[in-house]
Amino acid sequence: VYFDETSAITLFSFDDVSIPFTQNLKLEMRSPQRHPANPVVRRGPENSVDDWAVQFYGSVIRDRRTGKFRMWYVAVSKSERHDRTLPRSAPWRVAYAESDDGVTWTKPGLGLVESGGNTNNNLVKLNPRIGVLNLKVLHDPDDPDPNRRYKMGAHVWTPKTSKRRNGTLAPFVSADGLTWKLAIGAVPVDAELREADTVIPPLHFEPVGGLYKWDGLFYLSGQNAIVASRPYHGRVSRTFISPDFARWSQASAIQFVRDSQHQLLGPGKSRIGEQTHEGISVWNRGNVLVGISGMWHGTPEWKDLAIDLGLVLSNDGIHFREPVPDFKIIPRGKEGEWDSIALLQGHAFVNEGDKTMPWIGPWEGKDAIFGFLGLFFHSRFFDK
């Protein structure tokens, strides 16, 4: 890794765009070490807002003023999950945690949202309330409006029609990351966003595997096969762009497709085979984007599904590539371990001292739905 302090350029041995000509330079990919305290955030105690699920389709940001690590994740309580009088999306909430070291986390009582008859919980306030299945938070200190310096892309649902129920984007903004306001004028129905109010086309799209700002524009990274000029098998990574986080492009671009997805497997096989899961969680390193993407190993039965995490790069904000095809930068754990089934990538990368810390979560873990993985490399892998 090379970093030029004067020109603020980050160079990696795998960046063959910034350094296309090389001699005697060897690329050696290594996976991070798992922290012995894993999983570092578990489901809450009985009758808490996250006693059914702590799902890390979320984000971690280091607050430069206080030094604290700030985390946003998806929380579901058992009582709401099994309450059939509630709308289907209502139990899926956004929760908050914080830490001094990134390992030991607390869930502060924010007093913002009522749940179970009181407000002593760590739920953030969404105005209006919408059920959130996946979220990514971006700190944007350059926004001239202090009430918009935190931005959250939320994967929400539209109400089911006679045909289907679509995933779509709800953009939220906040001054402090705790009280959020919808960035568009919309009135949800049963904790879901009406199709007429959606900011991207009315199609099924899971929009926030990643959220990042690049060259003055905001980018989403999400999954699903959408009719395109070329047919691809299964889930691929696609992006929409926005100049202001409220208005979004009505056309999308394909970001990343694994080699095996160029072979169509035919109708009725959208779950099986090698695919790209939940787009790309992106870390902006200044002149290069480093991303983590899900490596979906699909099977006919859900119970046999497995997901590892792969490394991808971009130099233009749109098109991503693998330094080494199908290399598992973060492989799932061994059989019987908390992360042995499938891994979920979050927007969660921090350089701390001489270590790089990425957080990830497992899908449907037994004791904890979410954990902390890859606490450190031998040195700062993604330097800046």
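**Close-up 1. The hairpin of β10 and β11.** Four residues lie between the two strands of this hairpin, and among the hairpin residues G177 takes a positive phi near 85°. Strands here are DSSP runs of E with at least two residues, numbered from the N terminus. The model is predicted: local features need pLDDT of at least 70, side-chain atom pairs count only at pLDDT 80 or more, and totals for chains, interfaces and linings use all residues. Residues are numbered from 1 along each chain as its sequence is written, and side-chain values use heavy atoms, leaving out hydrogens and water. Strand β10 (residues 167–174) pairs with β11 in the antiparallel sense over three bridges; pairing requires at least two DSSP bridges between strands. F172 has L182 of β11 as its bridge partner.

**Close-up 2. The two faces of β11.** In strand β11 (residues 179–182), W180 and L182 form the covered face, T179 and K181 the uncovered one. In a regular strand, side chains alternate between the two faces of the sheet. Strand β7 (residues 125–127) runs parallel to β11, joined by three bridges. N127 stands opposite K181.

**Close-up 3. W180 and the nonpolar cores.** The largest nonpolar core has 42 residues; W72, F172, W180 and W248 have the most contacts inside it. A second, separate core of 20 residues includes V49, A95, A348 and V350. A core is a set of buried Ala, Val, Leu, Ile, Met, Phe, Trp, Tyr and Cys residues joined through side-chain atoms within 4.5 Å. Buried means under 20% relative accessible area (1.4 Å probe, protein chains only). Beyond its neighbours within four places in sequence, W180 is in contact with residues including W72, V124, Y150, M152 and F172. Contact means heavy atoms within 4.5 Å.

**Close-up 4. R93 in β5.** R93 belongs to strand β5 (residues 93–99). R93 is buried, at 9% relative accessible area. Its contacts, neighbours within four places in sequence aside, include E80, E114 and R129.

**Close-up 5. The largest pocket.** This pocket holds about 1,200 Å³ of space. Its lining has 38 residues, with L133, W157, E206, W302 and W363 nearest the centre. A pocket is an open set of points on a 1 Å grid over the protein atoms alone, where a 1.4 Å probe fits, with protein on both sides within 12 Å along at least five of seven lines; lining residues have an atom within 4 Å of a point. Volume is the space filled by probe spheres set on the points, which are joined across faces, edges and corners. β3 (53–62), β9 (150–157) and β17 (273–284) each supply at least two lining residues.

Technical notes. Buried < 20%, exposed > 50% of the residue type's maximum accessible area, 1.4 Å probe, protein only.
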